[in-house]
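Here is a short report on selected sites in one protein chain. Please keep the sequence and the 3D view open while reading.

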Amino acid sequence: MKRIAIIGGGISGLAAAFSLEQQKKRGAPIEYVLFEASARFGGVIHTENVDGCVVEAGPDSFLTEKPWAADLCRELGLGDQLIGSNYVERKTYILLNGRLVPLPDGLQFMVPTQLVSAFFSPLFSWGTKGRIIREWFYRSGGDASESTVAEFVERHYGREMVDRVADPLLAGIYGGSADELSLKSVLPRFLEMEAKHGSLGRAMAAARNRPHPADAELRSAGQPGAAVPTLFTSLKNGMQQMVDALVARIPEAARRLNAGVEAVKREAGKWLVVSGRRTEEFDALILATPAYAAAGLLSSTGAELAGELHAIRYSSSVTVILGFDRKVRAALPAGFGFLVPRAEKRRVLAATFVHNKFESRAPDDRALIRCFLGGTRDEEILQRSDDELQTIVRQELQHILGITAEPLLVRIFRWRQAIAQYGIGHGARVERIRGLVATMPGLALAGNAYGGIGVPDCVREGSEAAARVLQYLVAR
């Protein structure tokens, strides 16, 4: 009987454990143990139900076009629990000079695909509108160097498009900066489109009837008129449903909570895992932790690999959820929420009108607003007390939305070093990491540090890590 250790009980670790459990049921001669340092499984996925409101502490959904999370839910028997985002309310605003301006119809990420809508939008200056028209005739210069998202967007549309659209979007998704994130790692399809078409606008128009699975991020800020009617998918009672279903499929004997791992070591063809005062022997090891945690565990076994893992930066965030009465709900604009450019000098990066985004997330007489703060530019916000955070958010919502009412519900969640930052050179670093892992028999890595930060990507990473260690064990 071969033994496998999985360290990290977030969604990647749970997906890995579920994959192993499925193989075990099919007759694979394996045992596995899932170690989780905290008191619960799920990592950043955590749902609370408060006064009829579905309160998501972490991700509230996943991109519909990336299939791995939805496929897992169906395999878990949750297919009838999957719900799509509200197409009718699919509008996003940008805060510009203190007022909310809707993104123009047809804007897919920062690519305008409906020129008339972009031309009449107050979001763009006349200079940028001219750049949008000229971009349709853009020809690639064949520059092979790796670009940041900001550099790429600027050469197509100018700096204003970076500051007002691309940067706020990436701050809301990655908690990062367009001036630091690598286009190749974050939005690789843009490189393909530029190489083939030159113009991103023409490329998007050509792709409307030929969707590519990797286009999901490009359409993540799409407006009515974009190609995908259901942009996001979630579960009726919150993302916690997926976590609970996974945990229920993993035998209790294989699950260990409050089981931090202090060290791992490769010795005599085995992996030794030290947790508490106990050292156990395993034939294979899956590290489904943040890269910096994996680096710490591997520091004595593979110094070069640990160094590469440690070099991956992370951002932190704070989520503040406020619930209000029916008067506030009636006064709020239609749409999913708003994004805040850096020039507005606010601490709130983005806000979601949860009651609009998904059906049944709040009673009809409640407004539920999720606000996001932090990111690479504002790590200090995590040091603020709950009272200070509530004051900051309420003041900014008053200025932006005119809300003066007392909230009926307040929840605050801090996520320290939670989102990997895919900076320049990230893709090459991941290749080096994978090469070094290949020299360490029985080791696999999973998580949001390598091939995507979303829930579907993490599910895929966990499942693929399980498949790799099984392949190794079979080949021995």
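## Ile 400 in helix H15

Ile 400 sits in helix H15, residues 386-401. The model is predicted. Ile 400 has a relative accessible area of 11%. The cut-off for buried is under 20%, so Ile 400 counts as buried.

Which residues does Ile 400 touch, not counting residues up to four places away in sequence? They are Leu 95, Leu 100 and Phe 338. Lys 25 is another matter: Ile 400 and Lys 25 are 54 Å apart in space, C-alpha to C-alpha. In sequence, 375 residues separate Ile 400 from Lys 25.

## Arg 361, a buried charged residue

Arg 361 belongs to the loop between helix H14 (354-357) and strand E20 (367-374). Is Arg 361 buried or exposed? Its relative accessibility is 1%, so Arg 361 is buried.

Two polar contacts involve the side chain of Arg 361. One joins it to the side chain of Ser 234, at 2.7 Å. In the other, a polar atom of the Arg 361 side chain lies 3.1 Å from the backbone oxygen of Leu 235. Ser 234 and Leu 235 are also in the contact list of Arg 361, which leaves aside neighbours within four places in sequence.

## Glu 308 and its two arginines

Glu 308 is part of helix H12, residues 303-310. At 13% relative accessibility, Glu 308 is buried. Its side chain makes a polar contact of 3.1 Å with the side chain of Arg 429. A polar contact with the side chain of Arg 432 has a length of 2.7 Å.

What else does Glu 308 contact, leaving aside neighbours within four places in sequence? Besides Arg 429 and Arg 432, the contacts are Ile 433 and Leu 436.

## The buried face of helix H2

Helix H2 covers residues 68-75, and Ala 69, Ala 70, Leu 72 and Cys 73 in it are buried. Viewed down the H2 axis, these buried residues fall within an arc of 160 degrees, so they line one face of the helix.

Several elements cover the buried residues of H2. Among them are helix H1 (11-25), helix H10 (240-249) and helix H17 (455-475). Strands E5 (62-63), E6 (82-84) and E11 (232-235) also contribute. Just after H2 comes Gly 77, with a positive phi of about 85 degrees.

## Helices H5 and H6

Two packed helices are described by the angle between their axes and the distance between the axes. Helix H5 (residues 149-157) and helix H6 (residues 159-174) pack at about 140 degrees, with axes 8 Å apart. Their crossing is right-handed.

H5 brings Val 149, Ala 150, Val 153, Glu 154 and Tyr 157 to the contact. H6 brings Arg 159, Met 161, Val 162, Ala 166 and Leu 170. Of the residues in this contact, eight are nonpolar, two are charged and none is polar.

## Loop residues

Most residues other than glycine have a negative phi. Asp 51 has a positive one, near 50 degrees. Asp 51 is in the loop between strand E3 (47-50) and strand E4 (53-56). At 60% relative accessibility, Asp 51 is exposed. Asn 258 likewise has a positive phi near 50 degrees. Its loop runs between strand E12 (255-256) and strand E13 (261-267). With a relative accessible area of 57%, Asn 258 is exposed.

Gly 335 lies in the loop between helix H13 (326-331) and strand E18 (337-339). At 0% relative accessibility, Gly 335 is buried. Trp 136 occupies the loop between helix H4 (126-135) and H5. Leaving aside neighbours within four places in sequence, Trp 136 contacts Pro 112, Thr 113, Leu 115, Ser 199, Gly 201, Arg 202 and Ala 205.

Notes:
Residues numbered from 1 in each chain as written. Predicted model: local features only at pLDDT ≥ 70, side-chain atom pairs only at ≥ 80, totals over all residues. Heavy atoms only, no water. Helix = DSSP H or I, 4+ residues; strand = E, 2+ residues; numbered from the N terminus. Buried < 20%, exposed > 50% of the residue type's maximum accessible area, 1.4 Å probe, protein only. Polar contact = N/O pair within 3.5 Å; in protein donor to acceptor, adjacent residues only side chain to side chain. Contact = heavy atoms within 4.5 Å. Axes fitted to C-alpha atoms, helices over the stretch in contact; angles between N-to-C directions. Left-handed = near helix turned anticlockwise from the far one by under 90°. Nonpolar A, V, L, I, M, F, W, Y, C, P; charged D, E, K, R; others polar. Arc of directions from axis to C-beta.
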